[in-house]
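Keep the sequence and the model side by side as you read.

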Amino acid sequence: MSPSEGTHPSEPSEPSESSAHEALPSVAPQLRALRRRAALTLEAAARAAALSPAHLSRLETGQRQPSLPMLLALARIYGTTVSELLGETVAERDAVLRAPDMEPTRAGGWTYWQAGASGRGMQALRVHVPHGSQGDIVRVHPGEEWLYVLKGRLRLRLGDTAHLLAPGDSAHFDSLTPHRIAAADHDGADLLFVHTLLQSPTAALCLGPITPGETP
């Protein structure tokens with residue numbers, strides 16, 4: 001997960017992170033409904049997400065399943081949360097979220113738990129990043145992100161600088177800085193993740209493979 005808003009690398013071939021065994025049955029109808037609520041055409045939304053209209057159409061019809069980074073990107077574009085994209089119901093503006101109510105959701109190999117209430121200007125998640133998953137996704141979008149490593153080690157790439165974060169380490173950065181994260185250990189990494197929600201058709205997730213031989 002071009003440093004400037006609205007500038008994206010060329011779109012890769014069909015993203016490999018989507019897999020049929022990670023069924024998210026409520027995503028497809030929600031994606032279409034929330035795009036229409038945001039008054040975006042299929043073409044405009046696909047352009048903002050650095051996707052082809054055909055691929056976004058397949059997401060909306062359930063022929064493909066998005067990864068967690070893709071869900072985060074679409075949530076930003078539509079001015080909503082990943083929970084709403086998944087059709088989950090969380091008590092509006094409830095200040096306390098109890099542990100038994102934090103149901104795990106899996107997407108693109110990642111596992112996450114909603115860690116904050118809906119209807120806010122930012123979204124909080126607890127995330128498990130498995131080793132070797134999504135390490136080649138570079139993200140660029142408006143807003144801010146904050147993460148805190150709970151367990152394992154995390155590789156964080158910010159622009160041209162690589163960081164290795166251990167448990168207890170945190171990072172807070174402008175999301176327009178090209179960034180990507182990957183678990184450094186085979187057992188993966190657990191982290192707390194907070195990001196701002198922006199309702200803007202220009203918010204986007206830029207996908208780009210790692211240069212061969214390069215490590216995060």
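Start with helix α3, where H55, L56, L59 and E60 are buried. Buried means under 20% relative accessible area, exposed means over 50%, and partly exposed lies in between (1.4 Å probe, protein chains only). Helices (H or I, at least four residues) and strands (E, at least two) are DSSP runs, numbered from the N terminus. Seen down the axis of α3, the buried residues fall within an arc of 145 degrees, so they line one face of the helix. That arc is taken from the directions from the helix axis to the C-beta atoms.

This is a predicted model: local features need pLDDT of at least 70, side-chain atom pairs count only at pLDDT 80 or more, and totals for chains, interfaces and linings use all residues. Residues are numbered from 1 along each chain as its sequence is written, and side-chain values use heavy atoms, with hydrogens and water left out.

What do the buried residues of α3 pack against? They pack against α1, α2 (42-48) and α4 (68-77). Contact here means heavy atoms within 4.5 Å. Just after α3, G62 takes a positive phi of about 80 degrees.

Now look at charge. A salt bridge is a side-chain nitrogen of Lys or Arg within 4 Å of a carboxyl oxygen of Asp or Glu. By this rule there are 2 salt bridges.

One joins the side chains of R35 and E60, at 2.6 Å from N to O. R35 sits in helix α1 (residues 27-37) and E60 in helix α3 (residues 53-60), 25 residues apart. Both R35 and E60 are buried.

R153 forms a salt bridge with D185, their closest N and O atoms being 2.9 Å apart. R153 is partly exposed at 34% relative accessibility, and D185 is partly exposed at 22%.
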